[in-house]
Amino acid sequence: FAATQRPLWFVSERGTPTVVSHKSRHVAPAGGRPVPVSGFSTAMPAVFQNASCGFITLHERIGRIGSQRLTLYSGLYDVFSPHGVLPGGGICVQKVPLGVTVRHIEFIDDASVSTSSRPIYVMLISREIEADQSYLNDDGLSPEERQRIKDEKEAARIKKQVEADLGGFDIEQEWVEEIEREDCFEVDRNLGFAPSIPQRKYEVWLVDASSQFSVLDKYELNEFEHGTALKSLFLTNVIEDSDETPEKSLFVSVGTSFIDQDGEDLASKGRVLLFQVKKSKGRTQGVHRRHAPLHLNLRSEKEITVGPVTSLSSLKSEDTYRVVVGAGAEVTVEQWGSGKLTQVGFYHAHMQVQEIVLFKTFFLLSDAYDSLHFLVWRESDKSLTLLAKDYE
């Protein structure tokens, strides 16, 4: 430790000295003393029974002239923890192994459930699982029944081909749903059985950062449903034909997309899920007694048919909070009221909306190929108007 004009720690990280700034609270401003820390010690007095090792500093305090402050430090936990890292630049990093892939993370900015001593986060994660395909090994049919079904399908195919020839069109250009996919895969039990295939399972986690990101609650998405967007935002509960002042509430919004088990032959769809973090009435195991248990409460879900949900943003206009959804080539403005989302505005972008950035009522749409679009929201007629775009 160096008690200089800027107190520093010199820590050996993998044999190389690394500098970490020493931060003190209530230190007298610059000019009071040339050296802020007037004394320090590594010997702990016997009165501190719970601190067998630590560090004490003495410095002049802000306020009364001549007053000083003793500060007891228990150590650099973030650095010397089992997963602590010093990447450089005077900062400390602590790795938290979760065993899953974290896609998105958002802080719950609600004082009723998340505090400085107990910060609560919501995460969108994915984990790899092995899907069992043992049902393909045996369909429960006898060889005669299997041959009969095969002959019926062949006869139906010949009939369809004859109708196509008489009608003067090519059967190969028919809609993709007519493709007989089961003919592309067959299990030869003489060679082996159908192996398990890797799949991704998406979940929404509610975690407590004060206890090593322990999972408080989780919500599993449906089969073949991928989580693509996550946003913690405020929504105003708008009640039509009411004189009451609408209230705003904090929601966790999740955007998803469905990919059919046969692939992406068909246009993808998605959903918008709205959660609220609530305190549980009962006590559950694994939760510290000082804090009330928390859980995710699914308030609403809306199916998006124009494409996968790729972006979620919060729009504030005239003290009304709404959610902006980017799905496919559409940008929709959804309003919360009566327990559901209602579309109040939209814009067709003629591109695949990848991300939406908002500044007040101005929108910036981004796409991997068609660059940027610049829009503005007008509350008077609830419309989105194109102001400019990158033509190059």
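This report describes the fold, core, sheets and selected loops of a predicted model.

## Basis of the description

The model is predicted, so local features need pLDDT of at least 70 and side-chain atom pairs count only at pLDDT 80 or more, while totals for chains, interfaces and linings use all residues. Residues are numbered from 1 along each chain as its sequence is written, and side-chain values use heavy atoms, with hydrogens and water left out.

## Overall composition

The secondary structure of the chain consists of two helices and 23 strands. Both kinds of element are DSSP runs numbered from the N terminus, with helices (H or I) of at least four residues and strands (E) of at least two. Of the 392 residues, 32% count as buried; buried means under 20% relative accessible area, exposed means over 50%, and partly exposed lies in between (1.4 Å probe, protein chains only).

The chain exposes about 25200 Å², of which carbon and sulfur atoms supply 51%. Such areas come from the Shrake-Rupley method with a 1.4 Å probe, and for residues only the protein chains shown count as cover. Among contacts (heavy atoms within 4.5 Å) with a separation of 6 or more, 49% involve residues 24 or more positions apart.

## The largest nonpolar core

In soluble globular proteins, nonpolar side chains tend to be buried together. A nonpolar core is here a set of buried Ala, Val, Leu, Ile, Met, Phe, Trp, Tyr and Cys residues joined through side-chain atoms within 4.5 Å. The largest one in this chain has 18 residues, and I108, V252, V254 and V277 touch the most other members. At least two residues of this core come from each of β9 (120-131), β10 (197-208), β13 (248-258), β14 (269-279) and β15 (294-304).

Once neighbours within four places in sequence are left aside, V277 is in contact with I108, V113, L206, L294, H295 and L296.

## The sheet from β8 to β11

Four strands form an open sheet in the order β8-β9-β10-β11, with antiparallel pairing. Strands pair if DSSP finds at least two bridges between them. The edges are β8 and β11 (214-220); each has a single partner strand, so one side of each is left without a neighbour in the sheet. Neighbouring strands are turned by 30° against each other on average, direction ignored. The axes behind this angle are lines fitted to C-alpha atoms, for helices over the stretch in contact, and angles run from 0 to 180 degrees between N-to-C directions. Within the sheet, β9 and β10 run antiparallel and are joined by 12 bridges; I129 has Q199 in β10 as its bridge partner.

S114 lies in the loop between β8 (101-107) and β9 and counts as buried at 7% relative accessibility. A polar atom of its side chain lies 3.3 Å from the backbone oxygen of I108, and S114 touches F107, I108, P119 and I120, not counting residues up to four places away in sequence. V100, in the loop between β7 (91-94) and β8, is partly exposed at 22% relative accessibility. Its C-alpha atom is separated by 5.2 Å from that of R127, 27 residues apart along the chain. Leaving aside neighbours within four places, V100 is in contact with I125, S126, R127 and W205.

Seven of the nine residues of β16 (309-317) are buried, so β16 is largely enclosed by the rest of the structure. Eight bridges join β16 to β17, which run antiparallel, and S314 has V323 in β17 as its bridge partner.

Most residues other than glycine have a negative phi. The hairpin has two residues between its strands, and E318 takes a positive phi near 55° there. D319, in the loop between β16 and β17, also has a positive phi, near 65°. E318 is exposed, with a relative accessible area of 63%, and D319 is exposed at 61%.

## The sheet from β20 to β23

Another open sheet of four strands has the order β20-β21-β22-β23, with antiparallel pairing. Here β20 (355-359) and β23 (383-389) stand at the edges, each with a single partner strand, so one side of each lacks a neighbour in the sheet. The twist averages 30° from one strand to the next. Six bridges join β22 (residues 371-378) to β23, which run antiparallel, and H373 stands opposite K389 in β23.

Definitions and conventions:
A polar contact is a pair of N or O atoms within 3.5 Å; within protein, one must be able to donate a hydrogen and the other to accept it, and residues adjacent in sequence count only if both atoms are side-chain atoms.
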